[in-house]
Amino acid sequence: MEEVVLRVDDLTMHYATRQGWVRAVEGVSFSLGRGEALGLVGESGCGKTSVAVCLLRALPDNGRILKGSILLDGTDLVSLTEEEMRQHRWRRISMVFQAAMSSLNPVQRVGAQVVEVIHVHESVGLDAARERVVQLFSLVGLDRQLMERYPHELSGGMKQRAVIAMALACRPDVIIADEPTTALDVIVQHRVLQELKQVQQSQGTAIIYISHDIGVVAEVCTRIAVMYAGRIAEVAPTAELLTHPVHPYTQALLSSFPRLRGPKHSLASLPGDPPSLVAPPSGCRFHPRCPYATSLCQEKDPALQEHRPRHLAACWHPLLGGDEQ
Amino acid sequence: MSGGGDILVRAEGLTKLFPISRNLFLRPTSFVHAVEDVSFLIKKGETLGLVGESGCGKTTLGKLLVKLLEPDSGHIYFPVDGEPRDVVTLPGRDLLRFRRQAQMIFQDPYESMNPRRTIYDTVAEPMVVQGIGSIREREKRVAEMLALVGVSPPQLYLFRYPHELSGGQRQRVAVARSLILNPSLVVADEPTSMLDVSVRSGVMKLMLELQQRFNISYLYVTHDLAVARYMCNRIAVMYCGKVVEMAEAEELLGHPLHPYTRALLSAAPDPDPGYVRPPVEIKGGVTTPVNPPKRCRFYDRCPMAAQVCEEKDHPPLEDKGGAHYVACYRV
């Protein structure tokens, strides 16, 4: 396998709330190759954004990383002090947020905001920083004149591109993109995805692409990890995951997705709702909604295991028949 | 239009302009042309899908159809007490009868319910407004409806508040509220776009099931073509306040004729590893139709725009064979 830039091992993060501890991330492990695009898919409240928050160490006051390690090129981000972490953010690992509108300062020109990121994090003069922003803007397909505009003068797609340019500003090894296109219309979304893919390929930046939409993730990523209730249920190369899902949750997710092409299949739907993470079900967290659940699933939590080459799933009854799709 | 089936509602030349600036004498000077000269019909038990990007006027059109907004011009013919009447000019008392027949489901299950009223109050409200039934009858009917939409056992939920329900359950409650008066037309404005995938398909299936059972017609507003394919018999594509293409769902998705529909289709994400995407041929971004010039609305972004598209007004919606309607000079 290619060189690993980021390795997450047994990451566990809980939030303290009045209802009790919310077990948002529980024993999550994965690795990211240099320049790889990994998708992190799951429904709302499954902990995918919490994973991102851990990677950037941008935890809210009530969040705690209880165990696990996040190795970025050999440095464990979990054990760094806040000051040391600040050296890594933007320069080694950066983030594109869902709401581009609210991650830009409304009273500062767009170009100046990106210049500031470079100027603050690297010992680069203002002129050199400006020069780099001009390049970044053309990289993400923005006209350089837009640098002088304020955020409200830009459309949603343009703002999202400016935010991507900002995330790329200090040439990080890893970009975490959390639902970067969810608020955009399909045609604009398509363009931003193409831009992101092109940047990833030309700059060799690794991307963790977080989304609830498996179709969007499949577009950009070569490997996909599916999360359910704070755990990783399945990880596999994109085509493999889409055609031969091994975990019953992934299979249900795929068959409840209406398709635009091909024969019209009947949609599957899962009974019930995603579980509360304050008191998650015992054993496998998916067992109350799983059609294949047995008493073993109620009692013991399955570990992530390799069932096919490079295809891992956490399930006691993996669908390995070969004809399930 | 296409043959077979009784027509339930016929909309003709619907137009809605929103003033956005006024002159010294408060006379409006510029307008957003949210919906302009849109005509269509919906048959009994049929679903017409309304697809387009945000700001294209699809929600406005939905609201016009159930008269939550007054059109500036145009007519909506809908049977009130058995005879087709123009809803636009309907007097107050008959309007109440119309509302019994035409209901709406909103996009956001968190915003569309009063957080301080119980599920019973929420679902029974249409009966209260219409003055139907005694309290005991209403309670029975609400329990029936909740069981029907799969919020069961109803006794457990009747006196709960919206915040105690999940998003999927709330949207089911919204469906129950819209169907409690046995309407013949329901306008559903992105009813599943806020729900998670595994829950979403359950609500979609429920809506199809209830349609079959009660012979309801839907106007289904969505931005997602795959959802439209699953839910709708026919699909209308809107762009900048105009319907640019309308046809049977499979026909429209299989043989899109308008360049905008083609761009929408090829840009839609698809989790199929074998699919090779055609290039998305479209320029620029969505424009808001503020005092639009007299030419094709799609002119600025169209890959096949020609002189005729600029010189003439927006093209009319014409049948290109087999009830496949397209508004384009170049098709």
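Pro71(B) counts as buried, because it has 23 C-beta neighbours inside 10 Å and 20 or more are enough for that label. The model it sits in is a predicted one.

**Around Pro71(B)**

- Pro71(B) sits in the loop that links α1 (58–65) to β4 (73–80) of chain B.
- Which residues does Pro71(B) touch, leaving aside its neighbours within four places in sequence? They are Leu14(B), Thr15(B), Lys16(B), Leu64(B) and Val88(B).
- Leu61(B) is ten residues away from Pro71(B) along the chain, and the C-alpha atoms of the two are separated by 9.1 Å.

**The sheet of chain A**

- Chain A has an open sheet built from eight strands, and you can walk across it in the order β6-β7-β8-β3-β9-β10-β12-β11. The pairing in this sheet is mixed.
- The edges belong to β6 (93–96) and β11 (305–308) of chain A; each has a single partner strand, so one side of each is left without a neighbour in the sheet.
- On average, neighbouring strands of this sheet are turned by 25 degrees against each other, direction ignored.
- Helix α1 (residues 48–55) of chain A packs on the sheet, where it touches β3 (37–41), β6, β7 (174–178), β8 (206–211) and β9 of chain A. The direction of this helix makes about 150 degrees with that of β7(A).
- Zoom in on strands β9 (residues 223–228) and β10 (residues 231–237) of chain A, and you'll see an antiparallel pair held over six bridges. In that pair, Arg223(A) has Pro237(A) in β10(A) as its bridge partner.
- Helix α9 (residues 248–255) of chain A lies across β9 and β10 of chain A, at about 105 degrees to β9(A).

**Where chains A and B meet**

- How many residues of each chain are in contact with the other? Chain A has 36 residues in contact with 33 residues of chain B.
- On the chain A side, the elements giving two or more residues are α6 (186–203), α7 (214–220), α8 (238–243) and α9. Of these, α7(A) gives the most, with five residues.
- By type, the chain A side divides into 18 nonpolar, ten polar and eight charged residues.

- α6(A) packs against helix α10 (residues 259–267) of chain B at an angle of about 50 degrees, and their axes are 8 Å apart.
- The two helices, α6(A) and α10(B), are therefore oblique to each other.
- Their crossing is left-handed.
- The meeting residues are Val186(A), Ile187(A) and His190(A) in α6(A), and Ala263(B), Leu264(B) and Ala267(B) in α10(B). That contact divides into five nonpolar residues, one polar and no charged.

- Most residues other than glycine have a negative phi, and most peptide bonds are trans. Here are some exceptions.
- The peptide bond from Ser152(B) to Pro153(B) is cis, with omega near 0 degrees. Look for Pro153(B) in the loop between α4 (135–148) and α5 (154–157) of chain B.
- Asp10(A) isn't a glycine, yet it has a positive phi of about 50 degrees. Asp10(A) lies in strand β1 (residues 4–17) of chain A, and it counts as exposed with 12 C-beta neighbours inside 10 Å.
- Leu26(B) isn't a glycine either, and its phi is positive at about 60 degrees. Leu26(B) is in the loop between β1 (7–22) and β2 (28–43) of chain B.
- Is Leu26(B) buried or exposed? Leu26(B) is exposed, with 7 other C-beta atoms within 10 Å.

Note on methods:
Residues numbered from 1 in each chain as written. Chains lettered and ligands numbered in written order. Predicted model: local features only at pLDDT ≥ 70, side-chain atom pairs only at ≥ 80, totals over all residues. Pairing = 2+ DSSP bridges. Helix = DSSP H or I, 4+ residues; strand = E, 2+ residues; numbered from the N terminus. Axes fitted to C-alpha atoms, helices over the stretch in contact; angles between N-to-C directions. Contact = placed C-beta atoms within 7 Å. Nonpolar A, V, L, I, M, F, W, Y, C, P; charged D, E, K, R; others polar. Parallel < 35°, antiparallel > 145°, perpendicular 65-115°, else oblique. Left-handed = near helix turned anticlockwise from the far one by under 90°.
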